[in-house]
Amino acid sequence: MQKQISNLDKLTLSNDFLFKHVMLRKRICKHILEELLHTQIADITYLEAEQTIDVYPDSHGIRLDVRIADTANTHYNLEMQVKNPVNRATGKFLLPKRTRYYQAMLDTDMLQKGQDYDELSPTYIIFFCLFDFFQDSQRIYTFKKRCLENMNIELADEAVIMFLNTLGTKGDVSPDIQSLFDYINSNTINSNFTREVADTIVEIKNDKKVRDAYMTYEMRMKDLRDEAHAEGKAEGLAEGKAKEKTATAKRLLSMGLSVEDIAKATSLSVEQVEAIKAE
């Protein structure tokens, strides 16, 4: 228990858990959105805020960190992305299709509430990245759907995806956004805004409810890691047994045994043995 509390004390804004709780402070979150989008927002509300505080990965290992709607019914999803995830099997980066899935989750949730397609709210999916995914040094990469044949034609589906590159050096951002990037990168406090963020983090870490929630969160994460390890180990054993059966079948085939006898000896089906024989 003491170790978990100590871990909370060491967390920085780049941590999902702490980032989420800081973004749940309306004044800070609203200011970030206004600075990023160069607009004034009358007010924001948190969608399913209580569930968001204690949310855990779903069956796909994905959760939405902070979901917000403003008074104009524009919806926002804010995410902290520390690492650039890669599919080990294919070597492909996961972040682009993750944004596609997040967009689907936002839209599906709106439709479940009885809205028609043309009533879907404008959405912004915003990733705070501690790496430059596109390797062009832009501070912000903003994506909207456009026609390849004429890039002046926008689909106008009101869905926007933004990647905030905290390491970026190109493109203009407001002083407060740059100071936030500096704070995320190195805990450097160089503005009144980041001082407010830092003070808020101290306040959050001293909140007993948050500390209790973090202990629950850590235990849940450990359970998920243990489950994933056990499943991976079981899959590895199953894969090893399958390879062993295949190797045995090949040896028996080379000795001239019939397909039926090999199937009985290895517990493979006749069809599986036939397939091995055909290789």
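A: The following account treats helix α3, the sheet beside it and the core to which it contributes.

The model is predicted: local features need pLDDT of at least 70 and side-chain atom pairs count only at pLDDT 80 or more, whereas totals for chains, interfaces and linings use all residues. Residues are numbered from 1 along each chain as its sequence is written, and side-chain values use heavy atoms, with hydrogens and water left out.

Helix α3 comprises residues 26-37; helices (H or I, at least four residues) and strands (E, at least two) are DSSP runs, numbered from the N terminus. Helix α3 packs against helix α7 (residues 192-205) at an angle of about 145°, and their axes are 11 Å apart. Such axes are lines fitted to C-alpha atoms, for helices over the stretch in contact, and angles run from 0 to 180 degrees between N-to-C directions. On the α3 side, R27, I28, H31 and I32 make the contact, and on the α7 side F193, E196, V197 and T200; contact means heavy atoms within 4.5 Å. Of these residues, 4 are nonpolar, 2 polar and 2 charged. Here Ala, Val, Leu, Ile, Met, Phe, Trp, Tyr, Cys and Pro count as nonpolar, Asp, Glu, Lys and Arg as charged, and the others, Gly among them, as polar.

Helix α3 also packs on a sheet, where it touches β1, β2, β3, β4 (123-129), β5 and β6 (159-165), and its direction makes about 125° with that of β1. This open sheet has 6 strands in the order β1-β2-β3-β4-β6-β5, with mixed pairing; two strands pair if DSSP finds at least two bridges between them. Because β1 (44-46) and β5 (140-143) stand at the edges with a single partner strand each, one side of each has no neighbour in the sheet.

Within helix α3 lies K30, which counts as buried because its relative accessibility is 18%; buried means under 20% relative accessible area, exposed over 50%, and partly exposed in between (1.4 Å probe, protein chains only). Leaving aside residues up to four places away in sequence, K30 touches I41, A42, D43 and I44.

The largest nonpolar core has 42 residues, and I32 and F128 are among those with the most contacts inside it. A nonpolar core is a set of buried Ala, Val, Leu, Ile, Met, Phe, Trp, Tyr and Cys residues joined through side-chain atoms within 4.5 Å. Helix α3 gives the most to this core, with 6 residues. With residues up to four places away in sequence not counted, F128 touches I32, L78 and L164, among others.
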